Amino acid sequence: MSRRRIEPLSIEPLSDAVAANAATRGLRRSALLLALIGACASFAASAQNVLIRNATVHTATAQGSLEQTDVLVGNGVVRAIGKGLSAPAGAQVIEAEGRPLTPTLFGGISEIGLEEVSGEKSTVDQTMALGADTKEMTVRPEFDVTLAYNPDSVLIPVARIEGIGWTLLGVGTATGGSIVAGQGGVERLDGGPDPVGPRVLFVRLGKDGLGLSGSSRAAQWMILDQLIDEARGRIAPGHHAALLTPAGRSTLLKYLDGGGRIVFGVDRAADIRQLLRWSARHRLRIAIAGGGEAWRLAPQLAAAKVPVFVNPLSNLPSDFDQVGASMENAARLRAAGVAVGFSEGGASHNARKVRQLAGNAVAAGLPWADGLAGLTRVPAEAFGVAGQVGAIAPGQRADLVLWSGDPLDVAHVALQVWMDGRAIEMRSRQTELRDRYLHGDTGLPRAYPAPAR
C-alpha cells in the first residue's frame with residue numbers, strides 16, 4: 001500500500017519578486033496551487049484504487065454531509081463510504097485532514113467544446129441558421145449539437161481544475177433558425193468524445209424569440225401548437241404550411257411522449273405562467289433556464305415539479321422581461337419546494353464561476369445544502385444522469401473534488417480532482433501561461449518582450 005499525504009495549507013515564503021505581487025489574494029491562491037501541483041502530480045498516473053481518508057464528505061444524497069469519513073474508490077467507482085475503512089493492497093491513500101470532498105460540479109448550461117473563440121466563426125457550433133433571415137424560419141428540432149463537441153477544447157482543463165466535471169451542452173437561437181433551437185446533452189469533462197444520458201431539447205421564449213416568431217409572444221404559442229399538431233399527425237407532412245421534416249417530427253414526438261426533458265429559456269412571469277399552462281395541457285417534462293421572475297410563480301412551479309436553473313447575479317431589471325429580478329430568486333423558489341439549479345447561461349469560458357452563483361444564492365437566504373445540490377444532485381436528476389454524476393454513493397462514478405475549504409466560497413480552491421477515480425493533472429493552458437511568465441527560468445522566450453529603451 002502506498003501512501004501520499006496532501007500537505008497542510010501553509011506555503012513556503014515567496015521570492016522577493018513574487019512577494020511584491022503576493023499582496024493580492026488571487027496570486028496567493030495561485031502560489032498555493034503551484035505548491036500542490038508537485039504533491040499531486042504523481043496521482044495522475046496512479047491506479048484507480050484510492051482511499052480518501054478523514055474528509056468532510058458532502059454526498060449530495062439523502063445521507064447529507066458526513067464528517068471525518070473515508071471514501072474508498074476501486075476501478076473507477078465509489079466502493080464504500082464510512083469511518084475507519086481499510087485500503088486494499090496497492091491503493092493510494094490520501095489524508096484529507098477534514099477538508100471537504102464533493103462530487104465534481106455541474107458547469108451549468110454551456111457551450112464548452114462548441115465555442116472556442118466567440119469572434120471566430122469556424123470555432124462556433126452551438127446555433128443553426130439554415131434560413132436566410134427571419135422570414136425564412138427553419139425549424140429543425142433534430143439538430144444535435146453533441147455531434148460537434150470537441151473533447152480537446154482548451155476550455156475543458158480550465159473548468160476541470162476548478163472542480164467542474166460535467167456540463168449540459170446548450171443550443172442557441174439565431175436568425176434563420178427558430179425558437180425550437182435543437183438538442184444538447186450532458187458531457188463529462190474527462191476528455192471522452194460522447195455525451196452521457198438522454199438528449200435535451202431547447203426552446204427559447206420571450207423577448208429573445210421575438211425575431212423568430214413574427215415579433216409577438218402570442219405567435220410563439222401558435223407556432224409551438226402547430227409543431228405539436230404536425231408531430232401528432234394532425235397536419236399532413238406534405239401540407240403547404242408544414243414546418244417539420246420527417247426527422248423533425250420523429251424527434252419532437254419523442255419529447256411529446258415523455259422521452260426527454262425540454263428546457264425553455266424564459267424570464268418573464270407572464271411567459272412562465274403561459275408555459276405552465278401549455279406544458280400541462282400537453283403533459284411535457286420541462287425545465288426553465290433563466291427564470292428571472294420565476295419566484296413570482298414559485299408555488300405553481302413546485303406543484304408542476306419544474307426545476308429552474310437560475311443566475312442569482314442576474315438580479316437587476318436589465319430588460320423588460322426581468323423587471324422583477326431578485327437576488328432572493330433561488331431562496332424563494334426553494335422555500336416553495338422548487339428544485340433549483342444554477343447556470344450563468346452560455347458562460348463557456350467562465351463555467352468555473354458557477355459556484356460563485358451558488359455562493360451568492362446562499363448569501364441571499366438559500367440553505368447551504370441546497371446550494372450544493374444545485375450544482376450536483378438537481379441538474380443530474382433533471383437531465384437524466386443521476387446514476388452517473390452528481391453524487392458520492394457506492395456504485396457511482398468516482399468523479400470527486402477535494403477542496404481547500406468551502407466549495408461555495410471562491411476564496412477556496414480545488415486541491416485535487418478525480419475522474420473515474422483517476423487523479424487528473426491540475427494544469428491548464430492558463431496555469432502554463434502563468435508559470436511561464438511568473439518565473440523567468442523556464443528556458444522559454446517571452447512572446448511579447450518589453451521594447452528596448
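Begin by selecting Arg397 and Asp420, whose side chains meet in a salt bridge with an N to O distance of 2.8 Å. This pair links distant parts of the chain, since Arg397 sits in the loop between helix H11 (377-382) and strand E15 (400-403), while Asp420 sits in the loop between strand E16 (414-419) and strand E17 (422-423), 23 residues apart. As you look, keep in mind that the model is a predicted one. Arg397 is partly exposed, with a relative accessible area of 25%.

Now select Asp435 and Arg427, which form another salt bridge, with the closest N and O atoms 3.2 Å apart. Is Asp435 buried or exposed? Its relative accessibility is 11%, and because buried means under 20%, Asp435 counts as buried, whereas Arg427, at 25%, counts as partly exposed.

Next, select Lys207 and Asp208, where the two side chains meet in a salt bridge at 2.6 Å, N to O. Here Asp208 is partly exposed, with a relative accessible area of 37%, and Lys207, at 30% relative accessibility, is also counted as partly exposed. For the whole model, the count of salt bridges comes to 24.

Select strands E7 to E14, and you will find an open sheet of eight strands in the order E7-E8-E9-E10-E11-E12-E13-E14, with mixed pairing. Which strands stand at the edges? They are E7 (105-110) and E14 (340-342), and each has a single partner strand, so one side of each is left without a neighbour in the sheet. If you follow the sheet from strand to strand, neighbours are turned by 25° against each other on average, with direction ignored.

Within this sheet, select strand E12 (residues 286-290) together with strand E13 (residues 308-310), which run parallel and are joined by two bridges. To see a bridge pair, select Ile288, whose partner in E13 is Val308.

Finally, bring in the helices. Helix H5 (residues 246-256) lies across strand E9 (180-188), strand E10 (196-204) and strand E11 (261-266), and runs at about 100° to E10. Helix H6 (residues 269-282) also packs on the sheet, where it touches E11 and E12, and the direction of H6 makes about 160° with that of E11.

Technical notes:
Residues are numbered from 1 along each chain as its sequence is written. This is a predicted model: local features need pLDDT of at least 70, side-chain atom pairs count only at pLDDT 80 or more; totals for chains, interfaces and linings use all residues. Side-chain values use heavy atoms; hydrogens and water are left out. Two strands pair if DSSP finds at least two bridges between them. Helices (H or I, at least four residues) and strands (E, at least two) are DSSP runs, numbered from the N terminus. Axes are lines fitted to C-alpha atoms, for helices over the stretch in contact, and angles run from 0 to 180 degrees between N-to-C directions. Contact means heavy atoms within 4.5 Å. A salt bridge is a side-chain nitrogen of Lys or Arg within 4 Å of a carboxyl oxygen of Asp or Glu. Buried means under 20% relative accessible area, exposed over 50%, partly exposed in between (1.4 Å probe, protein chains only).
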